[in-house]
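I set out to record what I looked up in this structure, entry by entry. The sequence and model come before my notes.

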Amino acid sequence: MSGYTPDEKLRFEQLTKLRRQWLKDQELSPREPVIQAKPLGPVAKFWEAFLKPQSLWRLYTYKAYRGGVFTLTRLLIPAWIVHYCVKYHIAQRPYGIVEVKPKLFPGDTILETGEVVPDLPETHGHH
């Protein structure tokens with residue numbers, strides 16, 4: 001036996017018709033969805049207004065962001081790199097590295113002022 005029986009053909013046609021109708025029913029009309037939208041809460045209202053393409057908040061936030069990115073990438077980071085290189089690699093006497101000053105003892109001369117460090121006073125007491 002080859003092919004479908006008349007009952008099988010009828011069933012196949014009915015299923016095909018039902019599938020086509022089901023797919024057609026899935027299309028939404030311009031009026032749908034019919035459900036009324038719930039009123040937005042305060043946070044949702046803020047984001048709704050904030051994300052509109054030409055809202056002032058969005059424009060100013062974007063300008064502040066771009067200014068911050070420019071300042072960081074074009075000014076601060078390169079300035080820090082140049083400062084680091086000059087401070088630690090190029091300068092003959094780095095300003096940021098403090099050398100240990102020599103200890104002063106009584107009778108030594110202070111180089112900057114030329115005065116002599118006085119002797120320690122003698123104290124007669126217990127230690």
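The entries below concern helices, aromatic rings, a surface patch and some distances.

Entry 1, basis. I worked with a predicted model, in which local features need pLDDT of at least 70, side-chain atom pairs count only at pLDDT 80 or more, and totals for chains, interfaces and linings use all residues. I numbered residues from 1 along each chain as its sequence is written, and side-chain values use heavy atoms, with hydrogens and water left out.

I took helices as DSSP runs of H or I with at least four residues, numbered from the N terminus. Helix α1 covers residues 6-26. I compared its span with the expected one, which is 1.5 Å times one less than its number of residues. For the 21 residues of α1 this gives 30 Å, and the end C-alpha atoms are 30 Å apart, so the two agree. I then asked how many residues of α1 are buried (under 20% relative accessible area; exposed is over 50%, partly exposed in between; 1.4 Å probe, protein chains only). The count is zero, and α1 is hardly covered.

I counted rings of Phe, Tyr and Trp (its six-membered ring) as paired if their centres lie within 6.5 Å, with planes under 30 degrees apart called stacked, over 60 edge-to-face and the rest tilted. By this rule I found two aromatic pairs. One of them joins F46 and W47 edge-to-face, at 5.1 Å centre to centre and 75 degrees between the planes. F46 is partly exposed at 40% relative accessible area, and W47 is partly exposed at 43%.

A polar atom of the T73 side chain lies 2.7 Å from the backbone oxygen of V69.

I found a nonpolar surface patch of about 910 Å², whose members include F70, L72, W80 and Y88.

Y60 in helix α3 is exposed, at 54% relative accessible area. I noted 72 Å between the C-alpha atoms of Y60 and E122, which are 62 residues apart along the chain. P106 lies in the segment after α3 and is partly exposed at 41%. The C-alpha atoms of P106 and R74, 32 residues apart along the chain, are separated by 54 Å.

Methods
Patch = residues over 30% accessible without salt bridge, like charges linked within 9 Å, V, L, I, M, F, W, Y side chains within 5 Å. Areas by Shrake-Rupley, 256 points an atom, 1.4 Å probe, with all protein chains shown as cover. Salt bridge = Lys/Arg side-chain N within 4 Å of Asp/Glu carboxyl O. Polar contact = N/O pair within 3.5 Å; in protein donor to acceptor, adjacent residues only side chain to side chain. Helix = DSSP H or I, 4+ residues; strand = E, 2+ residues; numbered from the N terminus.
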